[in-house]
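Subject: Structure for you to look at

Hello,

Here is the structure I said I would pass on. My notes on it follow below.

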Amino acid sequence: MSASPLRVGIIGVGMMGADHADRIVHRIAGAELVAISDPDSERAGDLAARYDGVRTVGDPLQLIAGSGVDAVLIASPGSVHEEQVLACVEHGKYALCEKPLTMDSESSLRVVEAERNKAGRPLVQVGFMRRFDPEYARMKRLLDSGDLGRILLVHNTHRNKTLPKWFRSEMIVSDSLVHEVDVCRWLFDDEIATITVLAPKPTSRAAEGMLDPQVAIFQMAGGGMATTEVFVNSQIGYEVRCEAVAELGNVTVGLGQDVFVRSDNHYGGHIPDDFRDRFARAYDLEVQAWVDASRRGEVVGPTTWDGYAATAVCTAALQSLATGRPVRVDLADRAEVLRGAAT
Ligand SMILES: NC(=O)C1=CN([C@@H]2O[C@H](COP(=O)(O)OP(=O)(O)OC[C@H]3O[C@@H](n4cnc5c(N)ncnc54)[C@H](O)[C@@H]3O)[C@@H](O)[C@H]2O)C=CC1
Ligand SMILES: O=C1[C@@H](O)[C@H](O)[C@@H](O)[C@H](O)[C@H]1O
């Protein structure tokens, strides 16, 4: 492992970028935040002023190319990830790219191919942080141990309290459901072959024309099946639950069994407001794993292939959302793509 701290630049310092900046400065070992870039120069300036030794760089591609940055955390909107991840690959910089890797399967595949053919080695971790959540990680270990027999089914619930009026029906798929797509691929250790997305009569709390909630059904290539409810204007709080049903038992994540309080004629626990609260520990572990791996010259966690496969499922999911019919996922041949330039 390199003796010096990893010099990190962050691209996009909105909600997640600012959250990650605070994490790198205050909670992560072995890294220092050295630069940030955001087209909102006032936002970037305000954030940089909070920390010692952090400079702002107007052009994100210049931040990536700069010799003072060893690794880049990309927290810009998904629509600009492709160009920024490709620049990291071009300059041999380790990158942690927030989900989704890109917005459609063709562009995600270009990233997988560039990493394989231009860099010739893994450089990119994709920000599917649930794999680092202690509860999900324990569920995965238990399923992999074989003690519960073979995994048969997964039931997911994904509820946001509210999301902004500009959040569209399609974003429920590409921004929200994409997490369950990754979780199911990971838990089953299998690809999703077919997806169906259905929408019941929408809640009156969503913007006009918004299909919220949605229910997705995944059919895994090996015969497993998963259901997911995504409801982004649930009004309740942030609720993420996952129950995996195996041959000899089941295991559930997200029951929120924290301390139980009785007071003032009420009893119960706390429901988090959003993901930054519920998954704070997962983000810490995700970013720490990225820093440690980058300093060792490695990549851990979700790969560009995982990012691509999730995007390919979401591309099919959007077609299903439009028709309500099952859609087969069009996935490239993994062995062929990863053989790439080597052949
Ligand atoms: N892992 C998770 O649980 C979550 C992940 N995300 C992901 O994080 C990313 C950012 O999302 P938010 O922080 O919620 O969005 P946001 O809108 O709060 O922040 C995005 C920031 O990127 C900046 N930006 C716009 N174009 C840019 C460009 N070309 N280059 C650099 N910066 C640019 C904007 O000015 C803004 O400051 C997205 O990919 C999103 O899907 C978001 C929420 C939770
Ligand atoms: O990634 C996320 C957001 O982009 C998305 O909008 C939310 O629905 C998810 O819960 C959150 O984890």
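Predicted model: local features only at pLDDT ≥ 70, side-chain atom pairs only at ≥ 80, totals over all residues.

The element that gives the most to the shell around ligand 2 is helix α7 (residues 169–188), with 3 residues. Helices here are DSSP runs of H or I with at least four residues, strands are runs of E with at least two, and both are numbered from the N terminus. The residues around ligand 2 are Asn 160, Leu 163, Asp 175, Ser 176, His 179, Val 232 and Phe 275; a residue counts as near a molecule if its C-beta atom, placed from the backbone, lies within 6 Å of it. By type, this shell has 3 nonpolar residues, 3 polar and 1 charged.

Residues are numbered from 1 along each chain as its sequence is written, while chains are lettered from A and ligands numbered from 1 in the order in which they are written.

The sheet. An open sheet of 7 strands runs in the order β12-β11-β7-β10-β9-β8-β15, with mixed pairing; two strands pair if DSSP finds at least two bridges between them. β12 and β15 (327–328) are at the edges with a single partner strand each, so one side of each has no neighbour in the sheet. Strands β7 (residues 151–159) and β10 (residues 225–231) are parallel and share 7 bridges, and Leu 153 is opposite Met 225 in β10. Strands β11 (residues 239–246) and β12 (residues 249–253) are antiparallel, with 5 bridges, and a hairpin of 2 residues joins them. Val 245 has Asn 250 in β12 as its bridge partner.

α7 lies across β7, β8 (192–198), β9 (214–220), β10 and β11, at about 155° to β7. Helix α10 (residues 304–323) lies across β8, β9 and β15, at about 35° to β8. The angles, from 0 to 180 degrees, are between N-to-C directions of axes fitted to C-alpha atoms, for helices over the stretch in contact.

Domains. The chain divides into domain 1 (6–130 + 281–302) and domain 2 (134–276 + 310–328), with bounds from an automatic or database domain assignment. Their centres, taken over C-alpha atoms, are 26 Å apart. In the contact between them, 14 residues of domain 1 meet 13 residues of domain 2, where contact means C-beta atoms, placed from the backbone, within 7 Å. The side of domain 1 that touches domain 2 has 5 nonpolar, 4 polar and 5 charged residues.

Backbone points to check. Most residues other than glycine have a negative phi, and most peptide bonds are trans. The bond from Lys 99 to Pro 100 is cis, with omega near -10°, and Pro 100 lies in the loop between β5 (94–98) and α5 (105–119). The bond joining Asp 212 and Pro 213 is also cis, with omega about 5°; Pro 213 lies in the loop between β8 and β9. Asp 189, in the loop between α7 and β8, has a positive phi of about 55°.

Regards

Terms used: Nonpolar A, V, L, I, M, F, W, Y, C, P; charged D, E, K, R; others polar. Contact = placed C-beta atoms within 7 Å.
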